[in-house]
Amino acid sequence: MAGQTLRLATGSLLKKYVSLPSLGLNTSIIRHCSIAQTIKVRDDIRKKRSEAVLGGGKKRIEAQHKKGKLTARERIELLCDPGSFTEFDMFAEHTCTDFGMENQKYPGDSVVTGHGLIHGRLVYLFSQDFTVFGGSLSSVHAKKICKVMDQAMLVGAPVIGLNDSGGARIQEGVESLAGYADIFQRNVMASGVVPQISMIMGPCAGGAVYSPALTDFTFMIQDTSYLFITGPDVVKAVTNEDVTQEELGGARTHTTLSGVAHKAFNNDIHGLLNLRTFMNYLPQSNQDQAPIRQCDDPWDRDVPGLDTVVPLESTAAYNMLDVVHGVVDEGDFFEIMPNYAKNIIVGFARMNGRTVGIVGNQPKSAAGCLDINSSVKGARFVRFCDAFNIPLVTFVDVPGFLPGTAQEYGGIIRHGAKLLYAFAEATVPKITVITRKAYGGAYDVMSSKHLRGDMNYTWPTAEVAVMGAKGAVSILYRGQSDVAKYEKEYIDKFGNPFPAAVRGFVDDIIEPHTTRRRICQDLDKLATKKLTNPWKKHANIPL
Amino acid sequence: MAFTALTKDFSRLLRASLLAYHKNGRRALTLSASRRCAIYTTDPIDANEPTFDKILIANRGEIACRVIKTARKMGIKTVAIHSDVDSNAPHVKLADEAVCVGTAQARDSYLRMDRILDAIKTTGSQAVHPGYGFLSENADFVQKLEDIGVSFIGPNAKAITGMGDKLESKRLAMAAGVNTIPGFDGIVKDAEDCVRISNDIGYPVMIKASAGGGGKGMRIAWNDDEAREGFKLSTQEAASSFGDDRILVEKFVDNPRHIEIQVLGDKFGNAIYLNERECSIQRRNQKVIEEAPSVFLDEATRKAMGEQAVALAKQIGYSSAGTVEFLVDSKKNFYFLEMNTRLQVEHPITECITGVDLVHQMIRVAKGHSLKISQKDVPIRGWAIESRVYAEDPFKNFGLPSIGRLSKYQEPLHLPKVRCDSGIEEGSEISIYYDPMICKLVCYGDNREEALERSIKALDAYVIRGVTHNIPLLRDILTEARFVSGNISTNYLPEVYPDGFKGKQLTSKEKAELTAVLASVYVKDALRSRNFMNAERIKVNSRIPSSWSLVVQVAGEDVPCEIKVEDGAFKVTVEDRVVAVDSAFDLASPLIEANIDGEQETIQLIKLGSGGEIRIRYKGTAFQTTVVTDTAHRYLSYMPEKPKVDQSKVVLSPMPGLVKSIACAPGDMVGEGQEVCVIEAMKMQNSLVAAATGKVKAIHVKEGETVEEEQVLVELE
């Protein structure tokens with residue numbers, strides 16, 4: 001609209017001056033030139049802008065749509081509040097002069113950068129444009145990304161990357177590699193300072209994958225996004241394995257097998273709208289408290305359903321999500337990695353409006369035991385929450401660490417230590433509810449009192465012990481015949497919350513239906529918690 | 001202004017009382033109990049009349065709770081029995097004492113006479129109320145109780161035996177001068193015998209279990225093939241449900257109404273009838289909606305039927321509450337169907353219109369008191385409708401059982417003239433072991449219109465989450481023209497919904513209303529999403545939009561709309577309509593009490609998902625909807641359709657249940673419509689057929705295995 005009016009105005013201006021013959025010749029020419037120049041520049045600006053908006057051109061946009069993908073700008077339009085996006089570097093052009101590249105230039109090059117608002121809050125973002133050189137990363141492309149990241153750090157606002165790139169700009173050679181490294185360095189510097197989120201919406205291969213890997217959360221789009229170090233062709237050449245793109249690095253692979261990505265969405269629109277929802281949980285930076293959103297759900301609501309959620313049979317499975325959904329505001333839970341290491345649940349929710357990080361063992365899957373994958377999944381989540389002042393609420397029903405050679409050879413000691421480390425290191429408010437089993441070392445790990453848990457509760461169904469009755473009796477009464485009697489004795493002694501409660505390892509035994517109110521009260525109280533770890537250059541988590 | 005303030009106050013009050021109800025289930029229980037007192041006005045409980053000290057209730061669920069409540073009011077101590085999985089069930093909590101009698105399967109617990117008799121002895125119970133189902137019509141059990149000198153709160157063993165057998169009951173009824181249906185007077189030997197007899201009587205015929213009841217083991221046959229098939233399935237069901245596979249055949253009365261007479265007798269030969277119940281709305285011979293009285297009966301027919309029922313009761317020395325079921329044809333001819341020698345599921349509607357507490361009367365009579373009520377004391381006071389709320393999927397064959405955990409559960413007891421007989425609570429598990437009934441929702445009023453109106457309101461405000469339920473169907477029936485006019489028969493469902501129930505069909509006005517509500521929910525959530533209570537940083541040029549252009553995807557249609565906030569209301573323009581929705585509703589409450597264009601509507605927000613996905617219950621039916629901005633909607637056309645699994649190549653379990661038998665093996669060729677396996681759930685056998693002709697690729701289940709809904713059973717190549 002604005003552009004159109006501008007054009008009309010300049011056009012009539014031009015005509016007016018051209019049709020004024022009575023002016024002195026010299027002055028008229030000079031004047032005419034300067035005016036024409038101004039007008040030309042304006043025209044050029046307008047032209048460049050409209051070119052930039054078209055990216056790689058209508059044909060390529062059509063091809064992008066045919067693949068079921070939106071363009072870089074359409075994605076931004078959906079992600080940001082209407083009209084809130086402000087673009088940087090729309091006129092930036094690549095600097096390559098080899099391979100005839102000097103003749104192919106697109107204003108803005110292959111990435112759209114800038115800032116916008118999501119539910120009224122500032123975010124910095126970049127959206128790679130596949131229609132321009134397949135979204136490949138040139139030095140200018142990298143500089144544009146670095147600029148928004150630097151600004152985000154400066155003001156303390158999240159960075160969102162929408163990745164859709166074929167990889168390095170081969171024509172630029174090492175310049176492109178340098179560009180990647182510049183981004184990696186900024187990813188690392190921003191880590192723990194502002195939230196960084198990557199959404200993979202197309203290919204992302206080779207060195208490029210490390211930027212998403214360094215960010216806090218990586219989301220993917222089903223069927224249209226791929227993440228891999230080397231593609232199927234190279235895999236075939238090197239290892240002679242036949243594998244499709246989808247199998248090698250599709251959304252399914254990374255959200256169920258590798259744990260590289262945190263969640264997958266149906267399509268671009270679904271992904272971007274969910275990203276808006278997700279951003280609503282996060283603080284702007286590590287200088288901000290966890291956001292408290294307007295809450296309609298009464299904080300002191302009783303949850304009668306929780307009284308029956310733990311089955312009477314202590315070995316029977318139940319769904320820990322029933323507990324989570326019952327306790328949190330409106331049953332709203334944004335689960336992270338729902339299909340990977342299902343024996344642990346992690347995700348964001350709100351309690352009386354305040355964002356909390358939920359960690360829970362899932363008895364429905366592998367009895368809720370801790371293994372390598374679940375420990376790593378849990379640890380990374382806990383550290384994110386701690387970095388960004390998000391209180392942790394932990395629901396414990398853990399029979400122990402998973403035994404076996406696969407686990408031991410895989411380094412369960414090293415990986416299990418990560419979760420232990422993460423909980424121990426965390427200084428945010430930590431509230432723990434033991435719903436049933438809390439056995440052995442896994443009891444210690446799961447945000448126990450001993451790891452500076454602020455409030456630790458058990459339900460009446462809790463059993464806090466070194467191990468289950470069977471195992472304990474086989475050691476304590478080795479070779480004895482009257483196993484059943486000793487087992488019963490052991491259960492009488494340890495199959496209840498008292499041993500932990502009398503020692504103050506739990507603060508109270510609470511009725512399940514009061515869990516929500518207790519946690520909400522504690523979170524209010526702990527809002528002013530002040531706890532710092534000793535100064536260090538950085539800690540040395542067992543990677 | 002003042003008016004708005006007033007309504008706001010009122011809605012706050014309403015919300016507060018809802019909240020109070022929500023917080024304190026027990027208070028709600030006493031509330032409903034005190035309301036119930038208002039129902040029982042005919043021969044109320046006399047505290048001075050001698051009665052039992054302690055009774056045992058040999059049942060579970062709602063009926064156990066129902067009996068316990070009256071017993072308590074009579075000052076009788078109660079003993080509940082339960083299976084291990086029922087240890088925390090409401091009927092256990094409600095009783096004074098509880099005894100565990102075994103494991104989940106009914107035959108290992110609620111049907112274990114030995115353990116129940118032990119429980120009676122150890123608790124010192126003087127009498128047993130059997131409820132319905134389980135041991136309620138088991139003469140052997142009654143005899144065993146008699147042997148140890150414990151009263152059975154029900155009829156004597158002889159009456160049970162006589163009426164329990166369909167052939168015998170028909171003979172007795174004929175002897176008492178009751179009209180009966182023509183049929184074969186004997187036991188059917190095998191499938192071919194069944195075909196021969198059916199041809200003698202003339203199709204259509206009804207094939208049913210001699211020991212049957214409640215629609216189990218019943219099949220209608222219109223030709224020889226169906227007769228063979230019906231015989232086979234009925235025999236199996238009869239064997240598994242009643243342990244008695246005797247089958248009989250009789251003429252099937254076409255287009256009939258099912259009307260039954262409640263009778264009440266004592267041990268002194270007195271008997272009265274408490275009018276009729278119309279139970280014509282059935283699916284697969286199981287009742288869905290019942291009402292009392294019937295729109296169809298005139299005073300003369302009512303009297304004739306009542307008197308015949310009483311004659312039968314007197315003939316067999318019936319000394320408790322019982323029901324004589326009749327089929328009534330369009331000319332008001334009525335035929336004796338059977339007599340149920342127990343308290344019926346649908347007894348509350350009779351209680352509502354007569355003011356008689358049937359459980360109270362059963363206990364009195366069992367104690368040896370004579371009836372104080374005479375026939376002339378029995379009123380017809382207004383109208384009552386019972387809607388059976390089941391955990392089942394009404395979109396599949398009018399209701400296939402579903403299971404799950406009631407993650408949220410609120411009965412609409414805050415509404416007037418609503419009675420809920422239920423035996424579950426929030427957090428209860430609906431399992432495959434027992435009847436999938438959630439509640440009997442009984443609503444009453446001065447006339448049928450009022451009872452209907454209250455039923456609809458109650459169904460709208462009934463919050464059930466975690467299991468699929470049949471409220472969509474119930475609500476739809478209650479507003480359907482034929483039902484409202486009273487033109488019903490037992491063929492009602494297949495006639496009104498020939499292609500099965502497809503959910504509420506929205507009119508254009510309703511679609512606009514629903515669109516407006518969805519848009520309002522979306523905007524309310526959008527506004528809330530930017531309302532942070534601890535935002536210490538200044539928002540960057542953040543402006544709240546003054547209006548939104550949205551597209552609501554609902555019921556297969558994309559409805560564009562414009563919405564803006566004006567004077568505390570959302571003004572939504574849908575096509576050429578402007579709908580106003582009062583913005584005072586609450587996104588956390590499961591019920592949205594919305595004022596839409598001046599009309600108060602109760603709408604349920606089931607799930608406010610991310611990305612504009614909203615699941616909402618409107619006029620009974622749950623709609624999965626998406627609300628997006630018009631921009632997002634424009635881009636949706638670029639999004640590819642996800643490929644769907646070819647359903648014809650797999651046989652899925654339509655419901656959770658047990659694999660009864662598998663009729664094919666990998667490599668077999670099966671034809672379209674050929675049976676591949678049988679799933680048993682809630683004692684019903686369901687034959688699953690191949691949807692296409694093909695070779696069996698794999699069978700993923702074994703006989704006796706428990707399967708979940710939508711689980712792949714058999715795969716074709």
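I began with distance: the C-alpha centres of domain 2 of chain B and domain 4 of chain B lie 24 Å apart. I kept in mind that this is a predicted model.

Next I noted who takes part. Domain 2 of chain B brings 25 residues to the contact, and domain 4 of chain B brings 31 residues.

I then checked the bounds in the domain assignment. It lists domain 2 of chain B as 169-177 + 259-381 and domain 4 of chain B as 382-501.

How much area is buried between domain 2 of chain B and domain 4 of chain B? I found about 2400 Å², with carbon and sulfur atoms giving 58% of it. On the domain 2 side, I wrote down Ile281(B), Arg283(B) and Ile289(B) as the residues that lose the most area to domain 4 of chain B. Together they make up 23% of what that side buries.

I found five salt bridges between domain 2 of chain B and domain 4 of chain B. I also looked up the pair Glu346(B) and Arg388(B), which form a salt bridge with their closest N and O atoms 3.0 Å apart.

For polar contacts, my count between domain 2 of chain B and domain 4 of chain B is 13 residue pairs, both residues at pLDDT 80 or more.

Which elements give two or more residues to the domain 2 side that touches domain 4 of chain B? I listed strand E10 (271-283), strand E11 (286-292) and helix H12 (347-354) of chain B.

Last, I sorted the residues of that side of domain 2 of chain B: twelve are nonpolar, four polar and nine charged.

Conventions
Residues are numbered from 1 along each chain as its sequence is written. Chains are lettered from A and ligands numbered from 1 in the order in which they are written. This is a predicted model: local features need pLDDT of at least 70, side-chain atom pairs count only at pLDDT 80 or more; totals for chains, interfaces and linings use all residues. Side-chain values use heavy atoms; hydrogens and water are left out. Domain bounds come from an automatic or database domain assignment. Contact means heavy atoms within 4.5 Å. Buried area is the accessible area (1.4 Å probe) that two parts lose on being put together, summed over both. A salt bridge is a side-chain nitrogen of Lys or Arg within 4 Å of a carboxyl oxygen of Asp or Glu. A polar contact is a pair of N or O atoms within 3.5 Å; within protein, one must be able to donate a hydrogen and the other to accept it, and residues adjacent in sequence count only if both atoms are side-chain atoms. Helices (H or I, at least four residues) and strands (E, at least two) are DSSP runs, numbered from the N terminus. Ala, Val, Leu, Ile, Met, Phe, Trp, Tyr, Cys and Pro count as nonpolar, Asp, Glu, Lys and Arg as charged, and the others, Gly among them, as polar.
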